[in-house]
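Please look over the sequence and the 3D structure below before reading on. The briefing after them is meant for someone who is meeting this structure for the first time.

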Amino acid sequence: MITDAEIQTALPALGQGNTAVITGAASGIGLAAAKRLALMGMKIVLADIGGPRLDDASRAVAAITGDEAVLAVASDVSKADEVDRLADRAFGAFGEVSLLMNNAGVGDNPGKPWENRDGWKRLLDVNFCGVLHGVEAFTSRMLASAKPGLIINTGSKQGITTPPGNLAYNVSKAGVKTFTEGLAHALRNEPGARLSAHLLIPGFTYTGLTEGATEKPAGAWTGEQVVDFMLVSLVRGDFYILCPDNEVARPLDEKRMAWTIGDIIENRPALSRWHPDHKDAFAAFLKG
């Protein structure tokens with residue numbers, strides 16, 4: 001088990017007294033990250049839609065750090081001006097930001113590709129543009145500090161294997177994956193940059209997006225488990241933080257992802273994993 005001291009030695013950005021900004025921080029993975037980083041002595045800026053959940057989250061984190069080390073900012077990440085205001089509040093309160101976690105997301109399924117334009121736009125505005133707005137608002141000032149920093153964007157396995165069910169969500173998370181890959185490359189090639197980008201890819205996790213669940217399903221991880229795995233992965237220097245869960249271990253994820261890219265290489269039908277003509281071939285591939 002890695003200790004906080006070992007994490008902070010490997011990752012100076014997470015040092016005591018440094019500041020973390022987390023969107024989607026009122027519940028789920030975001031709140032778990034806020035509490036975990038608070039326990040490590042970081043100052044925490046929690047961003048989420050305003051209301052009782054954000055107020056409760058702020059009090060819970062303040063119980064760890066003290067009121068002076070917590071700032072809650074009601075923010076709709078789909079609106080660039082509100083994320084700009086979040087950045088101004090964070091830098092104004094604490095001087096510098098060393099961790100930005102673009103974690104806010106929604107899962108409301110707007111339906112078929114040719115239906116519900118407003119629903120599609122709302123989901124994409126939060127899940128993809130929210131990440132874009134965060135990077136735009138914070139990166140220049142984080143680079144200007146010339147200090148170690150981390151940007152963590154929350155993606156999803158659904159943005160890689162794109163299973164049927166919620167196409168809009170898949171599209172948004174595929175966009176986050178591609179954007180974060182490009183962001184990591186750009187930062188890697190920025191002269192003097194000590195800022196890196198990472199893609200958090202949760203498995204089945206019990207959060208506010210877990211449909212129809214009033215208690216944690218047995219197969220799901222908690223937000224706390226995801227955050228612990230994320231920290232260990234960051235210490236290793238991982239870009240792709242591919243989380244398992246209680247149902248799916250990494251080898252199965254790897255085979256599903258390999259089959260997905262194989263659709264292009266083998267010129268199979270789109271989403272052939274769910275195509276009746278390829279059902280037996282996929283089952284054999286998993287066993288192979």
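Predicted model: local features only at pLDDT ≥ 70, side-chain atom pairs only at ≥ 80, totals over all residues.

Residues are numbered from 1 along each chain as its sequence is written, and side-chain values use heavy atoms, with hydrogens and water left out.

**The sheet and its packing helix**

- Seven strands form an open sheet in the order β3-β2-β1-β4-β5-β6-β7, with parallel pairing; strands are DSSP runs of E with at least two residues, helices are DSSP runs of H or I with at least four residues, and both are numbered from the N terminus.
- At the edges stand β3 (70–74) and β7 (240–242), each of which has a single partner strand, so one side of each is left without a neighbour in the sheet.
- Neighbouring strands of this sheet are turned by 15° against each other on average, direction ignored.
- Strand β2 (residues 43–48) pairs with β3 in the parallel sense over five bridges, where pairing requires that DSSP finds at least two bridges between two strands.
- Within this part of the sheet, Asp 48 stands opposite Ala 74 in β3.
- Helix α3 (residues 52–65) packs on the sheet, touching β2 and β3, with contact taken as heavy atoms within 4.5 Å.
- The direction of helix α3 makes about 170° with that of β3; axes are lines fitted to C-alpha atoms, for helices over the stretch in contact, and angles run from 0 to 180 degrees between N-to-C directions.

**Salt bridges**

- The count comes to 12 salt bridges, each defined as a side-chain nitrogen of Lys or Arg within 4 Å of a carboxyl oxygen of Asp or Glu.
- One of them joins Asp 4 to Arg 36, with the closest N and O atoms 2.9 Å apart; because Asp 4 lies in helix α1 (residues 4–10) and Arg 36 in helix α2 (residues 28–39), the pair ties together parts that are 32 residues apart in sequence.
- Asp 4 is partly exposed at 26% relative accessibility, whereas Arg 36 is buried with a relative accessible area of 17%; buried means under 20% relative accessible area, exposed over 50%, and partly exposed in between, using a 1.4 Å probe and protein chains only.
- Arg 236 forms a salt bridge with Asp 238 at 2.7 Å between the closest N and O atoms, and Arg 236 is exposed, with a relative accessible area of 52%.
- Asp 263 and Arg 268 form a salt bridge with their closest N and O atoms 2.8 Å apart, and both Asp 263 and Arg 268 are buried.
- Salt bridges that share partners join Asp 4, Arg 36 and Asp 228 into one network.
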